[in-house]
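I opened my notebook to look up how one protein chain is put together.

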Amino acid sequence: MALAALLIGGEAQGECRLALVLGMDVSASVDAREYALMMNGTAAALRSPRVREAALSGAPVAMAAFVWAGAREQAVVARWALIDSPEALERFAATVAAFPRPAGDPMGPWTGRTAVGAALIAGRQLLDQAPVCDARTIDLAGDGENNDGPEPAPLRARLLAGITVNALAVSGDLPYDHGTMDEEGGRLSRWFAANVLHGPGAFVESALDYDDFERAMTRKLERELRPPLLGRLQP
């Protein structure tokens with residue numbers, strides 16, 4: 001379904017400390033098993049005691065989620081929800097876990113290419129619908145570099161003022177990256193750092209492969225959701 005149609009809908013109401021939108025790669029490099037690991041891993045991370053404590057400490061946070069592939073291939077997974085209770089967090093996690101992989105839109109089947117720049121635009125459009133929050137963050141998870149649509153790096157200054165962009169790089173699934181993980185997370189992590197990260201304190205979390213996705217997502221969400229006054233995770 002086209003992004004313009006998918007973004008029509010209600011907005012969550014209420015003040016919050018952070019509006020966080022999760023964007024997850026469903027390009028052709030992500031097979032059915034990996035898709036399940038990614039979506040179930042994200043839900044499991046949201047349900048983890050560490051992330052629950054971080055999300056529910058202090059003022060509420062608001063969250064939304066979408067999946068992305070080619071330049072015109074994005075679909076909203078979960079619309080804005082104010083996470084102000086364990087029940088609200090569980091509802092959001094369950095929505096993510098239950099979301100079926102998109103197969104097409106009114107204009108035809110998805111190409112399955114990797115449009116990181118278009119994903120940033122989609123994340124910004126979703127943030128424009130968010131409740132009023134003290135901070136805004138886009139969180140992109142992916143396993144490949146941009147090969148469709150606008151390049152992400154030039155978009156940052158023009159579209160992302162006041163927005164932080166973090167990333168989760170699934171490095172081990174790239175043939176040229178496999179077995180090359182290092183203290184910086186590997187080649188894909190460095191590409192995300194150079195082309196996607198934006199804003200003070202922006203960071204890349206690395207997963208060895210999709211079997212490692214839940215661990216990496218848990219660590220990243222805890223770091224993003226924990227109120228600054230309660231301290232940050234050590235690298």
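**Entry 1: ground rules**

I am looking at a predicted model, where local features need pLDDT of at least 70, side-chain atom pairs count only at pLDDT 80 or more, and totals for chains, interfaces and linings use all residues. Residues are numbered from 1 along each chain as its sequence is written, and side-chain values use heavy atoms, with hydrogens and water left out.

**Entry 2: the whole chain**

I looked up the elements and found eight helices and eight strands. Helices (H or I, at least four residues) and strands (E, at least two) are DSSP runs, numbered from the N terminus. Of the 235 residues in the chain, 54% are buried. Buried means under 20% relative accessible area, exposed means over 50%, and partly exposed is in between, using a 1.4 Å probe and protein chains only. I also checked the contacts (heavy atoms within 4.5 Å). Among contacts with a separation of 6 or more, 78% are between residues 24 or more positions apart.

**Entry 3: the sheet**

In what order do the strands of the open sheet lie? I read off β3-β2-β1-β6-β7-β8, six strands with mixed pairing. Two strands pair if DSSP finds at least two bridges between them. At the edges I found β3 (74-83) and β8 (204-207), and each of these pairs on one side only. From one strand to the next, the twist averages 15°. A reminder to myself: strands of a sheet pair through backbone hydrogen bonds, either parallel or antiparallel.

Next I followed β6 (residues 133-142). It runs parallel to β7 (residues 163-170), and seven bridges join these two strands. Across this pairing, I138 stands opposite V165, and L140 stands opposite A167. β1 also pairs with β6 in the parallel sense, over eight bridges. I noted that β6 is mostly covered, with seven of its ten residues buried.

**Entry 4: helices on the sheet**

Helix α2 (residues 32-47) lies across β1 (16-25), β2 (61-68) and β3, and it runs at about 160° to β1. For such angles, axes are lines fitted to C-alpha atoms, for helices over the stretch in contact, and angles run from 0 to 180 degrees between N-to-C directions. Helix α5 (residues 116-127) packs on the sheet too, touching β1, β2, β3, β6 and β7, and its direction makes about 150° with that of β6.

**Entry 5: the cores**

A nonpolar core is a set of buried Ala, Val, Leu, Ile, Met, Phe, Trp, Tyr and Cys residues joined through side-chain atoms within 4.5 Å. Which residues have the most contacts inside the largest core? They are M39, F92, L221 and L225, in a core of 40 residues. Elements that each supply at least two residues include α3 (49-55), α4 and α8 (213-225). The largest share, six residues, comes from α2. I then looked at M39 and saw that it touches M24, V67, V77, V96, A97 and F99, not counting residues up to four places away in sequence. Another core lies apart from the largest one; it has 29 residues, among them V21, A169, W191 and F192. In soluble globular proteins, nonpolar side chains tend to be buried together.

**Entry 6: the disulfide**

How many disulfides does a search of the whole structure find? It finds one. The cut-off is a pair of cysteine sulfur atoms within 2.5 Å. C16 is joined to C133, with S to S at 1.6 Å. The pair links distant parts of the chain, 117 residues apart, with C16 in β1 and C133 in β6. In the strand pairing, C16 also stands opposite C133. Are these cysteines buried or exposed? C16 is buried because its relative accessible area is 3%, and C133 is buried at 16%.

**Entry 7: two more residues**

G117 sits in helix α5 and counts as buried because its relative accessibility is 0%. Not counting residues up to four places away in sequence, G117 touches N146, P150, E151, P152 and L155. From the C-alpha atom of G117 to that of G70, 47 residues apart along the chain, I noted 9.7 Å.

Last, I found S85 in the loop between β3 and α4 (86-98). S85 has a relative accessible area of 18%, so it is buried.
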